[in-house]
Amino acid sequence: MLRRKHIRREIDRLNPFADHCEIVRLIVCDGFLWDFNRALELALFRTFASPSISGLLARTGEFTRNGQKRYDDTSLLMLQLLRYGYDSVEGNAALARMNRTHGHFAIANRDYLFVLSTFILDPIDWIQRFGWRRLTGKEQESLFLFWYRVGERMGIRNIPESLLELRGFSEQYVREQFRFSNANRSVSDGTFGVVESWLPRPLRHFVRPVSAVLLDEATRAAVKLPAPNRFYRLIVPGALKLRAKWLALFGRSGEPAWPDGYRSYPQGYTIETLAPKRILEVEQQASNSRKNPTDRETVE
């Protein structure tokens with residue numbers, strides 16, 4: 001509890017405009033790492049409801065062939081930013097890796113914007129619903145400013161200037177872009193397969209109905225995920241709220257055990273390796289070409 005009080009005092013002392021990176025790190029350290037991970041997982045899944053996003057992901061085949069690596073890569077890059085800040089050595093490396101990877105694809109600005117909005121809104125909404133405490137206005141503003149600055153460094157244009165405007169954009173995008181496509185289903189099935197692989201076989205059939213409770217109706221319809229029955233609608237939120245009450249009484253805050261990507265990288269990883277294998281191969285070939293010019297280039 002003393003550690004919790006210290007974290008809250010530090011957050012109260014800081015300014016969201018100048019210190020949002022530190023505020024965001026402290027929020028994660030205040031017993032919310034698990035919540036951020038779950039919220040960002042759902043955020044990623046919600047993007048599959050847009051055919052323009054899922055179509056690109058389906059064409060790469062990464063979520064069906066290398067789903068665990070793509071999951072770990074995305075998670076580790078996001079956590080580098082949350083842990084160290086976007087202007088740190090690690091944060092700059094993560095942003096550079098993301099920008100190089102995205103540079104291989106033609107991605108519409110509105111799709112970039114929607115993905116960015118999920119990184120902001122989904123953790124806020126999850127914690128307000130299932131966290132051991134609610135986020136303050138200052139903390140929500142800090143999360144918005146943090147990801148706003150990340151979006152700028154990714155070259156995303158026309159980012160809404162406030163949380164309210166961002167939520168309006170997100171709701172409009174869902175209305176206009178969420179609809180079923182085979183690509184949605186393919187990518188979402190691949191992702192479900194990754195999550196199911198983490199569990200013993202008897203528990204795997206719980207993954208989809210539990211996810212259906214936590215996902216909104218528009219997302220479920222766009223990936224053809226059946227609506228949950230009454231049992232799951234009662235049990236899943238009840239269990240998460242019970243967890244929140246237990247953490248409020250007995251939980252501890254402090255530096256968490258940050259995920260290390262052990263499933264894909266049992267020997268460790270570098271930020272440079274957090275990209276699709278095909279892109280890493282292309283980059284390696286380009287690097288080799290620069291180091292070993294052709295005979296003609298050598299003569300010239």
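Figure 1. Glu22 counts as partly exposed because its relative accessibility is 31%, in a model that is predicted.

**Figure 2. Arg13 and Glu10 in helix H1.** A salt bridge joins the side chains of Arg13 and Glu10, at 2.8 Å from N to O. The two residues are separated by about one helical turn because they stand three residues apart in helix H1, which covers residues 2-13. Arg13 counts as exposed, since its relative accessibility is 57%. Glu10, in turn, has a relative accessible area of 23% and is therefore partly exposed. Side chains of opposite charge can pair when their charged atoms come close.

**Figure 3. Arg185 and Asp189 in helix H10.** The side chains of Arg185 and Asp189 form a salt bridge of 3.6 Å, N to O. Helix H10 (residues 182-197) holds both Arg185 and Asp189, and they are four residues apart, about one turn of the helix. Arg185 has 34% relative accessibility, so this residue counts as partly exposed. Asp189 also counts as partly exposed, because its relative accessibility is 29%.

**Figure 4. A network of salt bridges.** Four residues are shown here: Arg97, Arg100, Glu272 and Glu283, which salt bridges link into a network. For the structure, the count of salt bridges comes to 20.

Figure 5. The structure holds one cavity of 30 Å³ or more. In the largest cavity lies about 120 Å³ of space. Its lining is made by Asn37, Leu40, Glu41, Leu44, Tyr71, Thr74, Ser75, Met78, Leu79 and Phe119. Helix H2 (16-47) and helix H5 (67-84) are the elements that give two or more residues to this lining. H5 provides the largest share of the lining of the largest cavity, namely five residues. Sorted by class, the lining has six nonpolar, three polar and one charged residues.

**Figure 6. A nonpolar patch on the surface.** Phe231, Leu234 and Ile235 make up a nonpolar patch on the surface. Together these residues have about 320 Å² of accessible area. One of them, Ile235, lies in helix H13, which covers residues 230-250. Ile235 counts as partly exposed because its relative accessibility is 44%.

Figure 7. Arg175 has its place in helix H9, residues 163-177. With a relative accessible area of 63%, Arg175 lies over the 50% cut-off, so Arg175 is exposed. In sequence, Arg175 and Ala218 are 43 residues apart. In space, the distance between Arg175 and Ala218 is 8.3 Å, C-alpha to C-alpha.

Technical notes: Residues are numbered from 1 along each chain as its sequence is written. This is a predicted model: local features need pLDDT of at least 70, side-chain atom pairs count only at pLDDT 80 or more; totals for chains, interfaces and linings use all residues. Side-chain values use heavy atoms; hydrogens and water are left out. On a 1 Å grid over the protein atoms alone, a cavity is a set of points where a 1.4 Å probe fits but cannot get out, and a pocket is an open set with protein on both sides within 12 Å along at least five of seven lines; lining residues have an atom within 4 Å of a point. Grid points are joined across faces, edges and corners, and a volume is the space filled by probe spheres set on the points. Ala, Val, Leu, Ile, Met, Phe, Trp, Tyr, Cys and Pro count as nonpolar, Asp, Glu, Lys and Arg as charged, and the others, Gly among them, as polar. Patches are made of residues with over 30% relative accessible area and no salt bridge: like charges are joined within 9 Å, nonpolar side chains (Val, Leu, Ile, Met, Phe, Trp, Tyr) within 5 Å. Accessible areas come from the Shrake-Rupley method with a 1.4 Å probe; for residues, only the protein chains shown count as cover. Buried means under 20% relative accessible area, exposed over 50%, partly exposed in between (1.4 Å probe, protein chains only).
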